[in-house]
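Take a look at the model below. We start with a strand pairing and finish with a pocket.

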Amino acid sequence: MRIITGKYGRRRFDVPASFSARPTTDLAKENLFNVISNLMDLEDAVGLDLFAGTGSISFELLSRGCSKVIAVEKNNNHAKFITKVAGLLKDENLTLIRGDVFKYLQTLSANRFDFIFADPPYALRELAQIPEIILEKDALKEGGIFVMEHPKEYDFSALPLFYDHREYGSVNFSIFFKEEEKKDA
């Protein structure tokens with residue numbers, strides 16, 4: 001796992017071969033963050049990484065200046081790896097929730113995050129429900145972005161706040177953007 005840029009840029013961490021997580025590729029991650037940086041500034045943003053896996057996205061967010069990142073990961077081995085990397089980086093702005101993403105989503109309150117990323121297992125039966133739940137909970141702050149990584153069979157373009165679809169090899173991202181409301185002068 002490699003952190004692309006920012007204060008931890010170019011740092012590498014060996015992911016155990018036994019991991020079942022499918023980390024977002026460096027190419028896909030780099031291209032995705034180029035799109036995101038054109039829409040928002042991550043400096044001091046609050047992020048949420050669902051199905052955190054190796055923590056790759058969480059650490060990229062922290063490296064790029066997020067003031068707080070919550071990573072939700074159910075797999076105990078993956079959670080231990082995330083804790084280990086956070087310790088090596090000596091970054092205290094990561095909160096790891098060891099538990100079920102769907103239970104965590106039920107606790108969300110409105111307008112809580114600037115950036116949300118979800119990379120569920122592609123075989124997850126409830127995969128299609130994730131964007132609906134996040135949008136229903138109104139979990140994004142104004143100007144916030146939600147990115148859903150998914151197999152090519154899914155099309156989320158009919159959902160509210162849908163902004164763009166990006167494909168990098170076998171990796172597909174649906175991007176949702178909650179534009180800031182214009183204030184009357």
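Phe146 stands opposite Phe176 in E7. The model is predicted: local features need pLDDT of at least 70, side-chain atom pairs count only at pLDDT 80 or more, and totals for chains, interfaces and linings use all residues. Numbering runs from 1 along each chain as its sequence is written, and side-chain values use heavy atoms, without hydrogens or water.

E5 and strand E7 (residues 171–178) are antiparallel and share seven bridges. Strands are DSSP runs of E with at least two residues, helices are runs of H or I with at least four, and both are numbered from the N terminus. Two strands pair if DSSP finds at least two bridges between them.

Strand E4 (residues 113–118) runs parallel to E5, joined by five bridges. Ile116 has Phe146 as its bridge partner in E5. From E4 the chain passes through helix H5 (residues 129–136) to E5, a right-handed β-α-β crossover (clockwise from the first strand over the helix to the second, with the strands pointing away from the viewer).

Strand E5 (residues 140–150) has nine of its 11 residues buried, so it is largely enclosed by the rest of the structure. Buried means under 20% relative accessible area, with a 1.4 Å probe and protein chains only.

Now the largest pocket. It holds about 450 Å³ of space. A pocket is an open set of points on a 1 Å grid where a 1.4 Å probe fits, with protein on both sides within 12 Å along at least five of seven lines; lining residues have an atom within 4 Å of a point. The lining has 27 residues, and Phe51, Glu73, Asp119, Pro120 and Pro121 lie nearest the centre.

Notes:
Grid points are joined across faces, edges and corners, and a volume is the space filled by probe spheres set on the points. Buried means under 20% relative accessible area, exposed over 50%, partly exposed in between (1.4 Å probe, protein chains only).
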